[in-house]
Amino acid sequence: MSVAVAAPRRRPFIRITGALPGFGLALGYALSWLGFIVLLPLAALFLRASSAGVEGFAVTLSDPRVQHALLLSFGVSAIAALFATLAGVIIAWALTRYDFPGRRLVDAMVDLPFALPTAVAGIALAALYAPDGLLGAPLARLGWQVVYNPIGIFIALVFIGLPYAVRTVQPLIAEIDRELEEAAATLGAARWQTVFQVLVPPLAPAALTGLALAFARGLGEYGSVIFIAGNLPGVSEIAPLLIVIKLSEFDYTGATVIAVIMLAMAFLMLLVINLIQAWSRRRMGNV
Amino acid sequence: MDIRVTDLAKEFGGARALRGVSLHIRSGELMALLGPSGSGKTTLLRIIAGLERAERGSVFFGETDATRLSVQQRHVGFVFQHYALFRHMTVADNIAYGLRVRRRSERPSRAAISARVEELLALMQLEGYGGRHPAQLSGGQKQRVALARALAVDPRVLLLDEPFGALDAKVRKDLRAWLRQIHAQTGHTTVFVTHDQDEALELADRVAILNHGRIEQVGAPDEIHAQPASAFVASFVGDAARVPVRVRGGKVVFGEEVLEAPGAAMADGDGWLWLRPYDLRLAGEGDADAAGGPAGQLGGVIVGVRRTANGRRVEVRLHGLDVIVEADAPAGLSCGEGGQVTLAVLGGRVFPENS
């Protein structure tokens with residue numbers, strides 16, 4: 001799987017010029033696809049939620065259990081996305097800049113979280129980090145329990161988000177010109193100065209894309225989290241789980257209200273990340 | 001500051017890039033390293049900069065032995081073919097970078113740095129461009145920023161690797177004249193690598209010709225052109241045709257003709273006579289000035305006439321040989337293609353066959 005990182009050139013809205021055919025077809029297809037697959041279901045969701053009215057929203061939102069679940073979902077997703085991005089840049093760096101035995105194998109393994117059923121990942125992680133697990137046991141002896149609490153959610157979400165971070169920055173790292181490092185060195189820059197002032201800053205827009213993807217993915221993640229989180233209401237219960245619980249209690253309105261709130265908040269955060277990204281791209285002169 | 005390299009040798013995975021190169025670049029000089037690709041010219045420049053390490057030999061800046069110094073310690077200014085500007089920094093930040101990375105005790109004040117940046121922007125005729133990003137500049141402007149960045153740290157020597165290689169012909173020409181001017185103003189000892197002989201001959205005080213990891217000749221452009229030290233230099237620099245000859249007792253023998261050609265400084269045996277267009281004076285058979293030149297004459301038939309920017313160039317196939325030489329056509333040339341002509345040999349250089 002590859003993720004495009006190049007910013008599409010901005011074109012004036014609907015002006016058919018140039019030699020490339022198929023503009024109408026492509027745009028029509030894109031819009032109808034977006035309409036049927038994305039917008040229509042979302043519209044239905046909003047319609048359903050709006051039946052709750054302002055009062056319904058207020059009631060649902062004032063429930064401490066809902067408040068906690070939303071806070072937990074957004075908070076842990078954000079922290080996990082940040083961590084995954086940091087780790088992802090380092091992993092992408094190692095995979096791109098250095099040649100070592102088994103590099104291709106490791107490179108292929110990065111994509112595994114994309115392919116693995118997330119429930120499998122959750123069960124595996126839970127088994128591994130449980131107090132009697134391979135990694136959990138030594139941690140338990142230190143007095144750290146990392147499953148059945150928010151830390152477990154964090155572990156699962158980093159696992160899920162990592163490939164997004166790696167794959168978005170990797171092509172940019174591959175493009176870094178060796179001459180940039182040499183130029184910095186001839187100007188007297190030490191190795192750490194070259195890395196942090198010359199090589200890493202141009203990766204920022206791509207890293208932000210990775211961050212946004214990992215965050216969005218983590219927010220919606222359900223399968224892996226429920227096996228490792230413990231799902232204690234008010235402690236380690238995530239918003240997507242709460243939606244499922246509401247649905248199983250036939251509280252459709254409550255479920256859609258939470259969903260709409262999540263959707264709105266996620267959209268807002270992604271918009272902000274996109275704006276930061278556009279700004280940082282412009283700062284580099286890629287208008 | 002002068003640069004002295006002695007007996008440099010370097011291999012890349014078994015391929016010998018340099019095979020014992022020694023060169024003295026005088027203080028304040030503008031020197032070109034000229035050679036075909038793979039001749040080792042860029043490797044030599046990168047070893048001087050400290051970007052590569054030689055397996056053997058040493059590099060001196062003035063009295064300082066720089067062989068073991070790191071790139072950072074050498075204080076060289078280096079300009080890359082593809083500019084290597086920092087895309088995420090403005091032009092001003094690029095130029096200031098070498099000053100800002102210094103340790104606090106050696107770093108100029110904020111005001112001093114920005115004054116230096118302004119001064120360099122003015123020198124590069126880039127006033128008002130300080131706030132732009134490299135992506136908003138043309139190739140020629142980028143290369144000027146790269147040069148300003150290299151000069152900002154007041155380097156001991158200035159090294160340029162194919163500085164105009166990525167630019168189009170017009171910009172190249174402008175920048176060439178302009179680099180000459182900058183060099184005159186700043187007086188840095190400057191070494192630049194090029195594969196473009198026009199660039200080397202026009203710009204440099206002296207030119208070092210490299211081939212297969214060795215220096216073939218070092219000299220002023222006129223010297224290189226008029227007195228090539230080897231067959232390679234004769235063929236690589238300027239237009240030249242070669243004619244198979246034999247050397248007997250210091251005289252050059254071509255077929256039945258004995259030519260008193262100069263530069264026959266070789267033992268008796270087979271060799272090549274290298275002739276530049278200006279070594280030959282052409283006259284049609286029966287033309288008034290068809291007399292022999294000081295070194296003898298050759299006969300041939302015209303196989304082509306070309307218009308060049310500065311006159312007409314005639315291609316002549318020599319009698320009895322499958323060799324075509326070129327000569328400038330005199331104004332009153334009476335015959336065209338297929339016409340019989342004589343070529344008075346005024347000069348030329350002879351080198352042994354296996355050189």
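Predicted model: local features only at pLDDT ≥ 70, side-chain atom pairs only at ≥ 80, totals over all residues.
Residues are numbered from 1 along each chain as its sequence is written, with chains lettered from A and ligands numbered from 1 in the order in which they are written.

**View 1. Chain A is built from helices.** Chain A holds 14 helices and zero strands; helices (H or I, at least four residues) and strands (E, at least two) are DSSP runs, numbered from the N terminus. The C-alpha trace of chain A spans about 65 × 65 × 30 Å along its principal axes. Of the 287 residues in chain A, 33% are buried. A residue is termed buried if 20 or more other C-beta atoms lie within 10 Å of its own, exposed if 12 or fewer, and partly exposed in between, with C-beta atoms placed from the backbone. Among contacts in chain A with a separation of 6 or more, 78% join residues 24 or more positions apart; two residues are in contact if their C-beta atoms, placed from the backbone, lie within 7 Å.

View 2. An unreviewed UniProt entry places the feature "transmembrane region" at residues 20-49, 69-96, 108-130, 142-166, 225-245 and 257-276 of chain A. UniProt positions are given in the numbering used here, feature names are shortened, and annotations may be inferred rather than shown by experiment. Residues 20-49 of chain A are 90% helix and 0% strand, with end C-alpha atoms 43 Å apart. For residues 69-96 of chain A, the figures are 100% helix and 0% strand, and the end C-alpha atoms are 39 Å apart. UniProt (unreviewed entry) also lists "domain: ABC transmembrane type-1" at residues 70-273 of chain A. That span, residues 70-273 of chain A, is 76% helix and 0% strand, and its end C-alpha atoms lie 19 Å apart.

View 3. Helix α14 (residues 252-283) of chain A has 32 residues and should span 46 Å at 1.5 Å a residue, which agrees with the 46 Å between its end C-alpha atoms. The expected span is 1.5 Å times one less than the number of residues. Buried residues of α14(A) include Gly254(A), Ala255(A), Thr256(A) and Met262(A). The buried residues of α14(A) pack against α1 (23-50), α2 (53-62), α3 (64-97), α11 (204-220) and α13 (239-248) of chain A. In the loop between α13 and α14 of chain A lies Phe250(A), which has a positive phi of about 60° although it is not a glycine. Phe250(A) counts as exposed because it has 9 C-beta neighbours inside 10 Å.

**View 4. Chain B meets chain A.** In this interface, 22 residues of chain B are in contact with 19 residues of chain A. On the chain B side, the elements giving two or more residues are α2 (71-74), β6 (76-79) and α3 (91-100). By class, this side of chain B has 13 nonpolar, six polar and three charged residues. Here Ala, Val, Leu, Ile, Met, Phe, Trp, Tyr, Cys and Pro count as nonpolar, Asp, Glu, Lys and Arg as charged, and the others, Gly among them, as polar.

View 5. Chain B is divided into domain 1 (3-233) and domain 2 (240-352), with bounds from an automatic or database domain assignment. The C-alpha centres of domain 1 and domain 2 of chain B are 40 Å apart. The largest nonpolar core has 109 residues, and those with the most contacts inside it are Ile48(B), Leu159(B) and Ile209(B). A nonpolar core is a set of buried Ala, Val, Leu, Ile, Met, Phe, Trp, Tyr and Cys residues joined through C-beta atoms within 7 Å. Helix α5 (residues 139-152) of chain B gives the largest share of this core, seven residues. Because domain 1 (3-233) and domain 2 (240-352) of chain B both contribute residues, the core lies between them.

**View 6. Arg176(B) and its surroundings are shown.** Arg176(B) lies in helix α6 (residues 169-186) of chain B. Arg176(B) counts as partly exposed, with 19 C-beta neighbours inside 10 Å. Not counting residues up to four places away in sequence, Arg176(B) touches Phe164(B), Glu199(B), Glu202(B) and Leu203(B).
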